[in-house]
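The structure is shown first.

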Amino acid sequence: MGKPSVKNVMVTGGAGFIGSCFVEQLVQEGHRVVVFDALTYAGHRANLAAVESKIEFVEGDIRDLAAVRSVLAERSIDWIVNFAAESHVDRSIENAADFVHTNVVGVFTLLGAALEHFEKLPANKKSEFRFIQVSTDEVFGSLGETGHFTEETPYAPNSPYSASKAGGDHLARAWFHTYRLPVIITNCSNNYGPRQYPEKLIPHMIQCALAEKPLPVYGDGRNVRDWIHVSDHSRGIYLAALKGVPGESYCFGGRSERRNIDVVRGICRELDGLKPRARGSYEELISFVIDRKGHDWRYAIDDVKAERDLGFKREYGEFETGLKQTVRWYLENDAWVQAVMKESAR
C-alpha cells in the first residue's frame, strides 16, 4: 500500500488529551487538519503547541449545527474524527446533563451535518469519506475475573458517562445502516501518557503525591483496568480511518491489565526514584476512600481484529516503561500542569 492521499480532516475535540495526540499523528502523515474544539475545561490550545503552525483551529461546539456545517463546507472535509466528549465518570455521576448534551445531542448534530455534507460529495469523494466515532470500552459494562471485550460484546453501560457514550455510538451506527453514512466506531481501554488532564488517575496521583496530599484509591484498589498509551491508541484510530470498513467497529487495548492499587504503587515507585520525598516513600500517602458508585470491576480488550484487519501494533508493549516516561513528563512539565489547571478554574 502506497502513501495515502492527503485528506482534509476535521478533528472535533482535537485540543484534548487524545485528540491532540491524534492531530500530531495526522500532521506527521502529511494531512491537512482543522481542529474544532469548544475549549471546555479539558481542552487547551497549549496541547497543540507542537503543531499549531501546521493546522487550522476553529473554536466551536459540536452542538452548534451552523458552525459544524460551515467547517465541513468551507474546508472540503474528507474525514470527521470525533473526540469531542465529556469523559470523566465522577463528573457524570455528579452532573449527567452535560454528558447527555455533548455525548448524545452533540453526536446527533454532528452526524446530521456530516450526512448533509456527504450527500453533496461527488462519487469519488463519497468513497473516501469517513466519520470516525471515538468511543470507550466502558460502554461494554463490567467484566468478571476472566474474559475480554471484543467488537461483538453487547453494550451494557453502567455509569452516566458510559451510557451517554453508548447513546452516541448507537446513533452513529444507525446513521450508517439507515443513511449509509460511512461510519466507523472505535473502542479503547484506559489511555495514559503526556498531556492528560490532571483529574484522571495517573496525573491526579502524581499531582497529589508532589503536593504531599493523600493518594485517594477507591474501595480496596483491586478494580482492574487495561492501559493503552495514547500514541498507540492514536495510531489505531488513524489506521481505522485509513483501512477500516464502514459499518465496522474496532477495539484497541494495551494488553496491560493492572489493579488500580498496583498502578498507584507503580507511580509511587517511579516518583521515589525520580524525585524522592524528604523522608519515606510516596506509598505512605496512599489512602483508601469510599468506592465510586456503580464502580465497574474490570475492563480488558481483545484487539486481535484490529491487529489482523488494520495491521495495528503497539509500540508500548510494557506498561511500566510507558508509566516511567509519563511520570517523567509530568515532572518536567509542571508549567503545563499549572497553566491548564489555572485556565480550567476560570
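How many nonpolar, polar and charged residues are in the lining of the second largest pocket?

## Pocket lining

The model discussed here is predicted. In the lining of the second largest pocket, eight residues are nonpolar, six are charged and five are polar.

## Pocket size and position

The volume of the second largest pocket is about 320 Å³. It is lined by 19 residues, and those closest to the pocket centre are Glu151, Arg173, Ile185, Gly247 and Ser249. Two elements, α6 (160-179) and β6 (183-188), each give two or more residues to this lining. The largest share comes from α6, with five residues.

## Overall build

The protein chain contains twelve helices and twelve strands. Its radius of gyration is 20 Å, close to the 20 Å given by the globule rule for 346 residues, so the chain is as compact as a globular protein of that length. The C-alpha trace spans about 65 × 45 × 40 Å along the principal axes of the chain.

## Burial, contacts and surface

Of the 346 residues in the protein chain, 55% count as buried, where buried means under 20% relative accessible area. Among contacts with a separation of 6 or more, 78% are between residues 24 or more positions apart.

The accessible surface of the protein chain comes to about 14900 Å². Carbon and sulfur atoms account for 50% of that surface.

Conventions: Residues are numbered from 1 along each chain as its sequence is written. This is a predicted model: local features need pLDDT of at least 70, side-chain atom pairs count only at pLDDT 80 or more; totals for chains, interfaces and linings use all residues. Side-chain values use heavy atoms; hydrogens and water are left out. On a 1 Å grid over the protein atoms alone, a cavity is a set of points where a 1.4 Å probe fits but cannot get out, and a pocket is an open set with protein on both sides within 12 Å along at least five of seven lines; lining residues have an atom within 4 Å of a point. Grid points are joined across faces, edges and corners, and a volume is the space filled by probe spheres set on the points. Helices (H or I, at least four residues) and strands (E, at least two) are DSSP runs, numbered from the N terminus. Ala, Val, Leu, Ile, Met, Phe, Trp, Tyr, Cys and Pro count as nonpolar, Asp, Glu, Lys and Arg as charged, and the others, Gly among them, as polar. The radius of gyration is taken over C-alpha atoms; the globule rule is 2.2 Å times the number of residues to the power 0.38. Buried means under 20% relative accessible area, exposed over 50%, partly exposed in between (1.4 Å probe, protein chains only). Contact means heavy atoms within 4.5 Å. Accessible areas come from the Shrake-Rupley method with a 1.4 Å probe; for residues, only the protein chains shown count as cover.
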